[in-house]
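Me: I am new to this structure. Could you take me through it, feature by feature?

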Amino acid sequence: MAASSSGNRILFPPQMVGVVGLEIHAQIHAASKLFSSSGVRFSAPPNSLVACFDASLPGTLPVLNRRCVEASVMTGLALNCTINRKSLFDRKHYFYADMPAGYQITQQRLPIAVNGSLTYSYLGGRKRNQVVTKNVRIKQIQLEQDSGKSLHDDHRNQTLIDLNRAGVGLMEVVMEADMECGEEAAAAVRELQLILQTLGTCYGNMAEGQLRVDANVSVHRPGEPLGVRTEVKNINSARYVAKAIDYEIQRQMEVLDTGGTILNETRAFDSKSGFMPEPNLPPLFVYESVASVPAGVDPTQVVVIDRLKAILPELPGVKRAQLVEEYGLLPEHSFTLVNEVGLMDYFERVIQKTKAEPRKVIGWVIKELLGNLNQNGLRLTQSPISSEALAELLNILESGHISTSAAKVVFQEMWKLPEKSVKQLVAELDLELISDQEQILQICRRVVDAHPEEVRVIRAGNKKVLNKLMGIVQKETKGRTDPLQVRRILEEMTS
C-alpha cells in the first residue's frame with residue numbers, strides 16, 4: 001500500500017494488528033454425565049461408560065445433572081457473569097459419526113451465564129519480568145454435551161467409535177475478540193484454567209482433553225473494520241494456543257500484504273435450520289436465595305446462587321495480591337508462585353519452617369528449585385527436594401554456618417542425593433564456614449600479596465577490582481568464608 005503525503009509529512013498506513021476471540025470447552029468435574037448416570041473416567045476401556053441415552057436409543061430421555069449446573073453457576077460467579085435465573089436448552093443439528101443423536105444439546109438462545117469479564121496477566125517487557133495485566137469480556141457460558149471420539153486406524157483403513165466421552169458435561173466459555181496476539185490468548189486460557197482448578201469445576205488437564213480451545217482470528221488496521229476471521233480448532237495446550245494464533249495472524253498478514261483475500265474458514269450454522277428448542281428439557285431455573293425458592297419446592301433439590309457464593313474459594317488474583325501484601329514479594333514473583341501448580345503451597349510451607357526472610361526464600365524457590373525443575377523437565381510433585389529440606393538448608397544458611405555460595409553447592413547435592421540430610425552433606429563436603437579469624441586473615445594476605453597489579457588498580461580508585469580478589473578468596477576456601485567479612489578485610493589491606 002502506498003504512503004500518502006500531507007504537507008511535508010509522509011503518512012504511512014498503520015500496521016495491521018491481530019484480533020483474537022476464544023471459545024473454550026471445559027469438561028465439568030462431575031461423577032456422571034450431563035444427562036445420564038454414566039460415569040466419567042479418562043482412559044476407561046472403549047464404550048464401557050455408555051448409557052442408553054448416550055447411545056441415543058429410542059425412548060430414552062435426558063435427566064439433568066445438578067452438579068453440572070452448580071459448576072457452571074460457580075464458574076459464572078468467579079468470572080463476574082450475570083447468572084440467568086432462567087435458561088433454555090437447544091438442539092444443534094449436525095452430523096458427526098461420534099454423536100449418535102445427530103445433534104448436540106446446548107444453550108444457544110439463553111445460556112446460563114452472560115456478560116462477565118476475566119482479568120489475566122503475563123510477563124512482558126524486554127526482560128520478561130514486568131507483569132502486564134489485561135481484561136477480556138466473557139460473552140457467555142453455556143452448558144452442553146461433549147461428543148464421542150473417532151479413532152482412525154490408517155493401517156486397516158477404518159474408523160472406530162468410542163462413546164465414553166459422548167454426553168460428558170461441558171461448559172463453553174465464549175471470550176470476546178479483545179485480544180491481539182497469541183501471548184495474550186494463552187495467558188487468558190491459563191488464568192481461566194487456574195480459576196477452574198481453584199473452583200474444582202474442571203480439572204483443566206489439557207493433555208486429557210479436559211480443556212480445549214477454539215480460536216477465532218482476524219487482522220485489520222486500527223480504525224478500519226475488522227477483517228475476515230478464520231477458526232483454529234481443538235488446541236490442547238496453552239503453549240500451542242500462543243503458537244497457533246501467532247502463526248495464523250502472520251499468515252493472514254502475509255496474504256493481505258501480497259494482495260490476497262482471507263477466506264472465512266469457520267463453519268457457520270444457520271440459526272433457523274441448525275438450532276431448535278430441546279423438546280425433552282424444560283427451562284432451567286436457578287434461584288437467588290432460599291427465600292426465593294417457590295413454595296412446595298425442596299430448597300435442597302434446586303440450585304441456589306447464595307449458597308454457591310458462600311463456598312467460592314479465593315481466586316488466583318486475590319492470592320497474588322495477598323502474597324505481595326503479606327510477604328512483600330514483587331508482583332512478578334507472586335505471578336510465578338500462583339501460576340505454577342503447587343508452588344505457592346510449597347513456598348508457604350518453607351516460610352513456616354525457616355527463619356529466612358520471604359524475599360530470600362522466594363529467590364531460592366524460583367531460581368534454584370524452579371530452575372532445576374525446568375532444566376530437568378520435571379513437575380513440582382517430582383522434585384527430589386521437599387519443602388522441609390529446603391527450609392533446613394535455609395536455616396543453616398541463616399545461622400551463619402555456611403555461605404550462600406556453599407548453600408548453592410549443597411542444594412545441587414541435595415538434588416542428586418535426596419536421601420541425605422543437609423547437615424550430612426555440609427559435613428561430607430567440608431563446607432562449614434571457617435571460624436578461625438587468623439586463618440581468614442592469612443588467606444586474604446596471601447591473595448593480596450599474589451596480585452600486586454590488582455591492588456594498585458584498587459588503590460587508584462577502581463574499587464570494582466576488589467570483587468576479583470574476593471572471588472579468588474572464595475575459590476581458595478571453597479566458599480567457606482563470609483563474603484562481608486572477606487570484603488572488610490580486603491578493603492583494609494588494599495586501602
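Predicted model: local features only at pLDDT ≥ 70, side-chain atom pairs only at ≥ 80, totals over all residues.

Me: What holds strands of a sheet together?
Reply: Strands of a sheet pair through backbone hydrogen bonds, either parallel or antiparallel. Take a single position as an example. Leu123 has Val131 in β9 as its bridge partner.

Me: Which strands make up the open sheet of seven, and in what order?
Reply: The order is β4-β8-β9-β12-β3-β13-β14, with antiparallel pairing. Then look for the ends. β4 (82-83) and β14 (230-235) are the edge strands, each pairing on one side only.

Me: Which helix packs on the sheet and touches β4, β8, β9 and β12?
Reply: Helix α1, residues 66-78, packs there. Its direction makes about 150° with that of β9. Another helix, α3 (residues 238-257), lies across β3 (17-27), β13 (211-220) and β14. Helix α3 runs at about 25° to β13.

Me: Which strands form the open sheet of three?
Reply: The order is β7-β6-β15, and the pairing is antiparallel.

Me: How many bridges join β6 to β15?
Reply: Three bridges join β15 to strand β6 (residues 90-93), and the two run antiparallel. Asp90 stands opposite Pro277 in β15.

Me: What do β10 and β11 form?
Reply: They form a hairpin, with four residues between the strands. Strand β10 covers residues 149-153 and strand β11 residues 158-162. Five bridges pair them in the antiparallel sense. His152, for instance, has Thr159 in β11 as its bridge partner. Look at the turn as well: Asn157 there has a positive phi of about 55°.

Me: Now the helices. At what angle do the axes of α8 and α9 cross?
Reply: For a helix pair, read the angle, then the hand, then the contact. Helix α8 (residues 343-353) and helix α9 (residues 358-375) cross at roughly 135°, and their axes come within 10 Å. The two are therefore oblique to each other. The crossing of α8 past α9 is right-handed.

Me: Which residues of α8 and α9 meet?
Reply: From α8 come Leu343, Tyr346, Phe347, Val350 and Ile351. They meet Pro358, Val361, Ile362, Val365, Leu369 and Leu370 of α9. By class, this contact has 11 nonpolar residues, no polar and no charged.

Me: How far apart are the axes of α9 and α10?
Reply: The axes are 12 Å apart, and α9 packs on helix α10 (residues 387-398) at an angle of about 130°. That makes α9 oblique to α10. Their crossing is right-handed. On the α9 side, the contact is made by Lys360, Val361, Trp364 and Val365. On the α10 side it is made by Leu390, Leu393, Leu394, Leu397 and Glu398. The classes are seven nonpolar, no polar and two charged residues.

Me: Is the crossing of α7 past α9 left-handed or right-handed?
Reply: It is left-handed. Helix α7 (residues 331-339) and α9 pack at about 55°, with axes 11 Å apart. That makes α7 oblique to α9. His333, Thr336 and Leu337 in α7 meet Ile362, Val365, Ile366 and Leu370 in α9. This contact divides into five nonpolar, two polar and no charged residues.

Me: How many salt bridges does the structure hold?
Reply: The structure holds 26. One of them joins the side chains of Glu183 and Arg128, at 2.2 Å from N to O. Then ask where the partners sit in the chain. Glu183 is in helix α2 (residues 182-199), whereas Arg128 is in the loop between β8 and β9. The pair links distant parts of the chain, 55 residues apart.

Note on methods: Residues numbered from 1 in each chain as written. Heavy atoms only, no water. Axes fitted to C-alpha atoms, helices over the stretch in contact; angles between N-to-C directions. Parallel < 35°, antiparallel > 145°, perpendicular 65-115°, else oblique. Left-handed = near helix turned anticlockwise from the far one by under 90°. Contact = heavy atoms within 4.5 Å. Nonpolar A, V, L, I, M, F, W, Y, C, P; charged D, E, K, R; others polar. Pairing = 2+ DSSP bridges. Salt bridge = Lys/Arg side-chain N within 4 Å of Asp/Glu carboxyl O.
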